[in-house]
Amino acid sequence: MENHIRVVLADDHPIIRMGIEATLDDISTVKRIGSAADSTQLVALLDSQPCDILVTDFAMPGGEQGDGLELIAFLRNRYPHLRVVMLTSMDKAPLVRSLLNHGVHAVLSKADDMSHLRAALQAVHIGRRYFSPSIARLMKSLPSATATRLSDRESEVIALYVNGESINAIAEKLQRSKQTISTQKVSAMRKLGIETDADLFKYAIELGLTQKSPKQ
């Protein structure tokens with residue numbers, strides 16, 4: 001039992017959680033020490049028992065420590081030795097890069113077979129990164145990080161736009177022409193691999209770029 005990989009699972013969907021639990025329980029080298037439905041339960045579990053690897057959903061609202069990148073940042077600070085395998089349904093490279101920058105060790109797409117979880121746990125346990133096939137194809141097809149990095153002005157325009165400012169309002173606030181603002185927005189979206197405003201807003205929500213309403 002000392003050689004077992006101690007794993008905690010976090011997912012807010014009961015049926016999905018049960019399916020992942022079954023996958024974990026079928027791996028002979030893994031000892032699942034508990035499951036959580038939100039960040040509050042997750043932190044309580046991690047505080048009470050030692051854990052090697054966390055397998056967690058990206059979007060898991062409702063807990064006191066939030067979800068997504070906010071939760072990952074919290075976990076990295078509180079449990080610096082914890083390794084993280086992230087499950088996500090969003091197939092955008094900026095999100096994957098942000099996860100890696102936040103210390104996530106493996107990223108699995110929910111569109112891929114859950115059998116990849118076994119390989120991810122084995123890789124992460126020995127200090128290697130792992131991408132499921134969909135994520136691996138996504139990362140290989142992208143230009144370099146330098147080519148996709150937004151300029152300061154592009155980042156500024158996107159941040160204002162996803163928080164409800166119109167092109168006209170942004171142009172007035174930044175004292176640039178409407179054409180310049182529009183061009184910078186289009187250029188930023190092209191670099192991010194985003195084609196529609198709907199995907200832009202989804203990306204912003206996933207990365208925590210939108211302003212949050214105060215907690216009640």
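I looked up Ser 39 first: its relative accessibility is 0%, so Ser 39 counts as buried (under 20% relative accessible area, with exposed over 50% and partly exposed in between, 1.4 Å probe, protein chains only).

A note on the source: I am working with a predicted model, where local features need pLDDT of at least 70, side-chain atom pairs count only at pLDDT 80 or more, and totals for chains, interfaces and linings use all residues. Residues are numbered from 1 along each chain as its sequence is written, and side-chain values use heavy atoms, without hydrogens and water.

I placed Ser 39 in helix H2, residues 39-48; helices are DSSP runs of H or I with at least four residues, strands are runs of E with at least two, and both are numbered from the N terminus. What does Ser 39 touch, not counting residues up to four places away in sequence? I found Met 60, Gly 63, Glu 64, Gln 65, Gly 66 and Leu 71, with contact meaning heavy atoms within 4.5 Å. For Gly 66, I noted that the backbone oxygen lies 3.2 Å from a polar atom of the Ser 39 side chain.

Next I turned to the strands. S1 (residues 5-10) and S2 (residues 30-36) pair in the parallel sense over six bridges; pairing takes at least two DSSP bridges. Ile 5 stands opposite Val 30 in S2.

Last, I checked Lys 178, which lies in helix H10, residues 178-192. Leaving aside neighbours within four places in sequence, Lys 178 is in contact with Ile 167, Asn 168 and Ala 171. For Ile 167, eleven residues away along the chain, I read a C-alpha separation of 6.4 Å from Lys 178.

Conventions
Polar contact = N/O pair within 3.5 Å; in protein donor to acceptor, adjacent residues only side chain to side chain.
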